[in-house]
Amino acid sequence: MNEQILTNAQLILRDEVVQGTLVVRDGKIAEISQGKSQLAQADDLSGDFLLPGLVELHTDNQEKYFSPRPKVDWPGHLAMSTHDAQLVAAGITTSFDSVALGDVAGDSIRVEKLDAMIKAIVDSEKAGINRADHLLHLRCEVSYPGLMAFFERYIDEDLVKLVSLMDHAPGQRQFPPENIPKYREYYQGKYGFSDTEIDAFIVEQQANSAKYSDRYRRTICAVCNERGIATASHDDATIEHAKESAELGMQVAEFTTTMEAAKASHDLGLKVLMGAPNVVRGGSHSGNIAAKDLAKAGVLDILSSDYYPSALLQAAFMVAGQDNDYSPADAVALVTANPATASNLFDRGELKAGLRADLVQVKQHEVMSLIQRVWNQGKRVF
């Protein structure tokens, strides 16, 4: 029997923070008690926080390591190793690596590298060389004509535990009709389109959305519901969007863009997910609703690091210190218990006897929260 005793720690439980001791046996949490252990073999954490390993539902952090520069391909196992190391250093022990099935431009890097990324994620996980647990989050661009071929290719992969539905066409969620000028400006700059080319591009994207989006969204949700795979909406902006997501059986509302959509989603039972960078930066980089405002309204359920892994822990502690009703335990649940249960992972996300010993030791510093050590199933990985 392999036993570890971690004592003199501020244990962040699901509903409270207690000064106490946590015992790990054979990779699982065996005991939790208040007070300091007097056993010689106990590991004294000197009053640091001990919290569950962070659960990340939506990160595309791996993409930049597969293509670190334009026209540069990086070996998949090395790209995954670098991505994995950055995650565990940020306290993330469970990562849903998000891969885009389709894009607004059919020949994008995301489409080109899709097979290589998924193969590297699956192979590294099966080989047991990752320090964090890596699962797959399929991001389905429902206005992309070839989406269903990709979806059917990957939906049987065992690591697929989350599927999200996106429509980035002009006039849709992230770019409602009044924001089409912003769409034009963004994609014209991104792809170097002339005025004539961006006009044609907008017409094509709107036509694809009208032809495919509703049918693909409903078909994919039905398949996932039948298989017990969690689904998420993306960039919902209206009460109608939230109602549609709930009617289709979705569990998560990713990156809602307005307060009304967030409140409606929350009231309908969807877990509202927002970006941790939104919290750290003080607002949305695209001008949408600020996560801190959703926290103040009590409708923020999950945080995701999205593109910046170290933002996740910092955002949780920042939420706990802002003007809202979230206790430190509530705030930590945004990055642990809530994303775990929303994705049907009931064996982690809390400091609770019988669950996995995925743990993070954090020292509070006047500048920022500093990660000291990280364990995955009782094994130290950072």
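This is a predicted model: local features need pLDDT of at least 70, side-chain atom pairs count only at pLDDT 80 or more; totals for chains, interfaces and linings use all residues.
## A buried threonine and its neighbours

Thr256 touches Asp236, Ala261, Ala262, Ser265, Val272, Leu273, Met274, Ile289 and Leu294, leaving aside residues up to four places away in sequence. Thr256 sits in the loop that runs between β11 (252–254) and α9 (259–267). Is Thr256 buried or exposed? Its relative accessibility is 2%, so Thr256 counts as buried, the cut-off being under 20%.

## Val272, one of the partners

Let us move on to Val272, which belongs to strand β12 (residues 271–275). With a relative accessibility of 0%, Val272 counts as buried. Again leaving out residues up to four places away in sequence, Val272 touches Ala253, Thr256, Ala262, Ser265, His266, Leu294, Val299, Leu300, Asp301 and Ile302.

In soluble globular proteins, nonpolar side chains tend to be buried together. Here, the largest nonpolar core holds 52 residues, and the members that touch the most others are Leu101, Leu138, Cys140, Phe151, Val163 and Ile220. Helix α4 (residues 114–127) supplies the largest share of this core, with six residues. A second, separate core has 39 residues, including Phe49, Leu313, Ala331 and Val381.

For a closer look at the largest core, take Ile220. Not counting residues up to four places away in sequence, Ile220 touches Cys140, Leu147, Met148, Phe151, Val163 and Leu165. Among these partners, Cys140, Phe151 and Val163 are, like Ile220 itself, named with the members that touch the most others.

## The chain as a whole

Stepping back, the protein chain is built with 14 helices and 16 strands. Its radius of gyration is 21 Å, close to the 21 Å that the globule rule gives for 382 residues, so the chain is as compact as a globular protein of that length. The C-alpha trace spans about 75 × 45 × 40 Å along its principal axes.

Of the 382 residues, 56% count as buried. Among contacts with a separation of 6 or more, 64% join residues 24 or more positions apart.

## Surface and charge

The accessible surface comes to about 16,300 Å², and carbon and sulfur atoms account for 49% of it. As for charge, the chain carries 37 positive and 53 negative side chains, with the centres of the two sets 3 Å apart.

Note on methods
Residues are numbered from 1 along each chain as its sequence is written. Side-chain values use heavy atoms; hydrogens and water are left out. Helices (H or I, at least four residues) and strands (E, at least two) are DSSP runs, numbered from the N terminus. The radius of gyration is taken over C-alpha atoms; the globule rule is 2.2 Å times the number of residues to the power 0.38. Buried means under 20% relative accessible area, exposed over 50%, partly exposed in between (1.4 Å probe, protein chains only). Contact means heavy atoms within 4.5 Å. Accessible areas come from the Shrake-Rupley method with a 1.4 Å probe; for residues, only the protein chains shown count as cover. Lys and Arg count as positive and Asp and Glu as negative; His and the chain ends are not counted. The place of a charge is taken as NZ of Lys, CZ of Arg, CG of Asp or CD of Glu. A nonpolar core is a set of buried Ala, Val, Leu, Ile, Met, Phe, Trp, Tyr and Cys residues joined through side-chain atoms within 4.5 Å.
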